[in-house]
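Here is a model to read closely. Each label is set against its criterion.

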Amino acid sequence: MNEEPSPVTHDRPAWTARYFARLQRYRNLLAQRWWVLFLCAGLALVGEAVYLRLSPPEYASIGQMIVNVRLNIQQSSLYTEELGNFTGTQAALMQGGEVLNHARDHVAGQNPGLTPQPVLLNVSVLPKTTIFLLRATGQNPKYTQAFLQACMEEYINL
């Protein structure tokens with residue numbers, strides 16, 4: 001009367017049969033509709049080619065800076081920072097709004113003939129060093145190069 005319910009057993013041959021039946025169904029579908037796969041791949045390639053053809057060219061300017069870990073702070077000698085935090089802080093300062101705004105003003109003052117363009121600045125650090133790699137990307141090669149140089153100068157001034 002008080003029988004325990006038997007544990008659920010999985011019928012392994014039935015499961016594998018269902019798996020292989022499903023696999024065979026997908027093989028048959030692919031055999032019948034193989035052209036859809038190639039059509040989608042071709043459309044994707046054509047779309048990418050049109051996008052690349054119509055997008056304006058981008059130019060990159062690359063610079064390197066070695067930053068000294070020792071800081072000369074005249075206001076207080078209590079400032080200390082670990083190397084891991086130091087490199088991240090300096091990279092954030094290089095990409096910060098103050099440096100970028102001063103760099104734009106610097107380029108406008110030094111090169112009045114260049115029209116301001118949007119430039120993307122990316123800063124990375126070589127592992128286990130304090131060498132910073134700066135990469136500026138923009139649509140005008142002369143402005144991009146001048147902007148990167150101004151960014152490095154304004155960071156040094158900061």
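The questions below take up some surface, strand and helix labels.

This is a predicted model: local features need pLDDT of at least 70, side-chain atom pairs count only at pLDDT 80 or more, and totals for chains, interfaces and linings use all residues. Residues are numbered from 1 along each chain as its sequence is written, and side-chain values use heavy atoms, without hydrogens and water.

Q: Why is leucine 37 called exposed?
A: Exposed means over 50% relative accessible area, buried under 20%, partly exposed in between (1.4 Å probe, protein chains only). Leucine 37 has 54%, so the label exposed applies. Leucine 37 is found in helix α2.

Q: How do you know that strand β2 and strand β3 pair?
A: Two strands pair if DSSP finds at least two bridges between them. Strands (E, at least two residues) and helices (H or I, at least four) are DSSP runs, numbered from the N terminus. Six bridges join β2 (residues 120-125) to β3 (residues 131-138), and the two run antiparallel.

Q: What makes the residues between β2 and β3 a turn?
A: The two strands form a hairpin with five residues between them. Lysine 128 in that turn has a positive phi of about 60°.

Q: How do you know that the span of helix α5 agrees with its residue count?
A: The expected span is 1.5 Å times one less than the number of residues. For the 17 residues of α5 (residues 141-157) that gives 24 Å; the end C-alpha atoms are 24 Å apart, so the two agree.

Q: Which residues of α5 are buried?
A: Among them are Tyr143, Phe147, Cys151 and Glu154.
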